[in-house]
Amino acid sequence: MPDTPHLDQIASPDDLKNRNLDFLKAVADELRAETIDAVSVTGGHLGAGLGVVEMTVALHHVFDTPSDILIWDVGHQCYPHKILTGRRDRIRTLRQGGGLSGFTKRSESDYDPFGAAHASTSISAGLGFAVGRDLKHEEGRKVVAVIGDGSMSAGMAYEAMNNAGDMKKDLIVILNDNDMSIAPPVGAMSHYFARQVSSKSYNSIRKLGKGVAEALGVKEHARRAEEYLRGMAMGGTLFEEMGFRYVGPIDGHDMDQLVAVLRNVRDAGEGPILIHAVTQKGKGYAPAEAADDKYHGVAKFNVVTGEQQKKKAASPSYTGVFANALIQLAESDDKICAVTGAMPGGTGVDKFAARFPDRAFDVGIAEQHAVTFAAGLAAEGMKPYAAIYSTFLQRGYDQVVHDVAIQSLPVRFAIDRAGLVGADGATHAGAFDVGYMGALPGMVVMAAADEAELARMVATANEIDDRPSAFRYPRGEGLGVEIPKELIPLEIGKGRIVREGSGVAILSFGARLGEVLKSAEELAAYGLSPTVADARFAKPLDHDLIRSLVREHEVLITIEEGAMGGFGAFVLHFLAEDGALDAGVKIRTMTLPDVFQDQDSPYAMYETAGLNAKHITAKVLDALGRQAEAAAALA
């Protein structure tokens, strides 16, 4: 544990008020050490938080939180904020079951006024807070939104800025520039200018100048002259055009400058203001500063060496299997392209890019654009694979509907992180894609039961050239199944029997198949020998397979790693329309529960969801009327 005599005096942001700059700097140094030590125990998003330590201290010193609203975009950088806002005693429970969320969360603290885990929402939410404040006539309260430069690649940020600039509400946006370096500082003169343009005296002169310009009829000329000079010095013309007063760039690690500028803009009260703060991800921790990804997301690690304690994988990851299969196909098909939205490493597109740099495209945090860009590629005769996490694809659903599905364009959606994802919790769970993709006419929807099936689904999608398709797969390691050297496409809409049995049939869609097979072994102890089938497709359904399972078995269980309204609902709809329900077969569906589950280990989350082997066993026994044995199976 680090020595933190100054930080120990901070129980809440109130304890930062009326403190001198030397004390604030000492708190920041100790806060950085505390953050590093905590994340070394829990794992999590380290680099972003280290980059905003001084900013976090300065914000809570200058503003009256939680009365003043402070919103952290995405939330990757919120760990120092949590330490300062009464959660230090729980900071080593980050991202653990029953512990603190890795993101801001309204139910966790009054200091988290808005939950965030997806990018580019902060300015929109901040504007909502500002308008609500004014409608309640609480004009003295301030609203601050901190947004990273990566999040500024999303159109939503500009939509919000355009609206905020038009409404002219009192709103402060801090652009945390830690990577793109939109307009880096150019020395002491730039720092001096930034402080001056945020000061009361400058604003008074500016207002006076506006009045004189209006009286002389040269208002537009004066505005253009000021904008030209400030744009040359600071690169703020874009933000000025959108109706924001631009301040910066400033050094986001200089406490003296931060406090001075934040005080000035706090007291300005003149419409929306944007502060451009240049920071360094991983600041103050050498291994993070040296890393290419600035230690964005880390496992538990040794604080001294920076070595991460990553478990050696026994099997290849599903993401790696997807990437390798796509590369294999692309060797002989020059139309194959890969598209991702700011997640090349997370989706495996980085591996594809290393082999085919001209056919790999990272479009930034812009899922809507990614989908329509892929649609354009498909319309031009290319074979785009849009590799996007399930939870992020939700952001581009309108484009999936209008730009892909309605036009029957053969975009291939590689839906990574399907199902529950563990430490990132509800905001990153891939729970809904089966329902929202399966609802679209013409869409082919697949789910991989293991890594061999995934590799074949990549090849299957490559052969579908008259309509869109999607295949989903989970985070983490595969089951250790051997991947065939020749990737033979699957027959569209056809499942498979994995285990022959009688009496009971279990129809699995996706990666729960391993747990289903474990359950089949357990059921043998109860005198049962279930048939196990892998549906492979949720759309089109294998009608013949489903009919045979219903006809030949007393009980049919469907299971999936998705929310209600997905695969099981499709099966029930088909059986109802087909008249099979009249035969008296007992049908049960197993889905994710109708709640947003908090973070935990993936196994524990599936245990809570009731989708592990023992739950499948209990479901079968209960359907057969053997309730006592079902209860015992769960014990």
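Start by selecting Phe322, Tyr385, Phe471 and Tyr473: ring pairs link these four into a cluster. Rings of Phe, Tyr and Trp (its six-membered ring) pair if their centres lie within 6.5 Å; planes under 30 degrees apart count as stacked, over 60 as edge-to-face and the rest as tilted. This is a predicted model, where local features need pLDDT of at least 70 and side-chain atom pairs count only at pLDDT 80 or more, while totals for chains, interfaces and linings use all residues. Residues are numbered from 1 along each chain as its sequence is written, and side-chain values use heavy atoms, with hydrogens and water left out.

How many aromatic pairs does the structure hold? Twelve. Pick Tyr397 and Tyr436 next: their rings are edge-to-face, 5.1 Å centre to centre with 65° between the planes. This pair links distant parts of the chain, since Tyr397 is in helix H18 (residues 397–405) and Tyr436 in helix H19 (residues 433–438), 39 residues apart. Helices (H or I, at least four residues) and strands (E, at least two) are DSSP runs, numbered from the N terminus. Buried or exposed? Tyr436 counts as buried at 13% relative accessibility, whereas Tyr397 is partly exposed at 24%. Here buried means under 20% relative accessible area, exposed over 50% and partly exposed in between (1.4 Å probe, protein chains only).

Now jump to Phe509 and Phe567, a stacked pair with 4.9 Å between centres and 15° between planes. Phe509 belongs to strand E13 (residues 503–509) and Phe567 to helix H23 (residues 567–578), 58 residues apart. Phe509 is buried at 0%, and Phe567 is buried at 0% too.

Glu561 is buried, at 4% relative accessible area. Beyond its neighbours within four places in sequence, the residues in contact with Glu561 (heavy atoms within 4.5 Å) include Phe509, Arg512 and Tyr606. What joins the side chains of Glu561 and Tyr606? A polar contact of 3.0 Å; the term covers a pair of N or O atoms within 3.5 Å, where within protein one must be able to donate a hydrogen and the other to accept it, and residues adjacent in sequence count only if both atoms are side-chain atoms.

A charge sits over a ring if NZ of Lys or CZ of Arg is within 6 Å of the ring centre and within 35 degrees of the ring normal. Arg19 does likewise over Phe23, at 4.1 Å.

Last stop: the open sheet of five strands, in the order E1-E2-E3-E5-E4, with parallel pairing. Strands pair if DSSP finds at least two bridges between them. Strand E1 (69–72) and strand E4 (245–251) are the edges, each pairing on one side only.

Zoom in on strand E5 (residues 273–278), which five bridges join to E4 and six bridges pair with E3. Look for Ile172 opposite Ile273 and Val247 opposite Ile275. Six of the six residues of E5 are buried. Ile273, Ile275 and Ala277 point one way, and Leu274, His276 and Val278 the other. In a regular strand the side chains alternate between the two faces of the sheet.
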